[in-house]
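Hi,

Here is the model we talked about passing on.

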Amino acid sequence: MHFDEYVGKTIFVTGAASGIGQAQAIAFVKQGANVVGMDLDEVGLVNTAKKTNDSNGRFTAFTGDVTKTSDIIVAVKKANKLFGAIDILLNTAGILDDYTPTLETSETLWDRVLAVNLKGIFLVTNHILPQMLSQKYGVIINMASIAGMVAGGGGAAYTASKHAIIGYTKQLDHDYIKQGIRANAIAPGAIKTPMNAADFAGDGKMAEWVEKETPAGRWAKPEEVASLTLFLASKQADYIHGTVMTIDGGWLEK
Ligand code: NAD
């Protein structure tokens, strides 16, 4: 898949040190875009930089927390200084709650999951949207999940956060569509990333169960979500607004 339009564009990706965010960062660098990856995991970001295999300085990493305004301000300034205004924002950072039901969810767990998965998207978006509005162009893609549409893909906090991301994305698009902004969400099903390492641990029975329950009969690679992102962020997808694109091997068709 090749998109000429990404050459020289500036992409800001949260969660870029691992899994889906890493695959997205690599995919956009390969298209000739300039990518700033933000993540808590410094070592993982170094690894992403290596994997881009790029010698033109198209990938820059910033170690920071999406729940901290001060970190976001520094990261966005760095992105602007190096590459100019941000054209595409990929809000991908997220954490699981280990399928914890509400009665076993501590206030600390609830607050952290909602802070990273939902408030992080709100904060990063609010620090980048003004420059998108100034240039009357911007694409925002928020990482939801099938847990944003049905129960069973997470626990109380994770499922609540992912449902909320979908609502936030629709409202975001609704409020700024006339000013050149296009916002959508992606809802992945079973994607094999470090987030799901526990499913593959031990006898791997959980991973096997997921495979059997998924109509397509397999886990997907993070690169498959990155490919969908390349399309969804492109001009080819210009009429796609405020929606959720599932990539779940048929999980929701049941
Ligand atoms: P992952 O654990 O491999 O990557 C998540 C990244 O987010 C990590 O590098 C982590 O360090 C980073 N991160 C966590 N908290 C952060 C914070 N406060 N600030 C900055 N970075 C932070 O997971 P993944 O599977 O690649 O998941 C990426 C996104 O996709 C998440 O939002 C997740 O909920 C969503 N998702 C994943 C799956 C799946 O099956 N893997 C399915 C549906 C949705």
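Below is what turned up, starting with the sheet and ending with one alanine.

First, the ground rules: this is a predicted model, with local features needing pLDDT of at least 70 and side-chain atom pairs counting only at pLDDT 80 or more, while totals for chains, interfaces and linings use all residues. Residues are numbered from 1 along each chain as its sequence is written, and side-chain values use heavy atoms, leaving out hydrogens and water.

The sheet is open and parallel, with seven strands in the order 3-2-1-4-5-6-7. Strands (E, at least two residues) and helices (H or I, at least four) are DSSP runs numbered from the N terminus, and two strands pair if DSSP finds at least two bridges between them. Strand 3 (59-63) and strand 7 (244-247) are the edges; each has a single partner strand, so one side of each lacks a neighbour in the sheet. From one strand to the next, the twist averages 15 degrees; axes are lines fitted to C-alpha atoms (for helices, over the stretch in contact), with angles from 0 to 180 degrees between N-to-C directions.

Strand 1 (residues 10-14) and strand 2 (residues 34-39) run parallel and share five bridges, with Val13 partnered by Gly37 of strand 2. Helix 2 (residues 42-52) packs on the sheet, touching strand 2 and strand 3, at about 175 degrees to strand 3. Contact here means heavy atoms within 4.5 Å.

As for the alanine, Ala156 sits in helix 5 (residues 156-176). Leaving aside residues up to four places away in sequence, Ala156 touches Asp97, Thr100, Pro101, Thr102, Thr105 and Trp110.

Cheers
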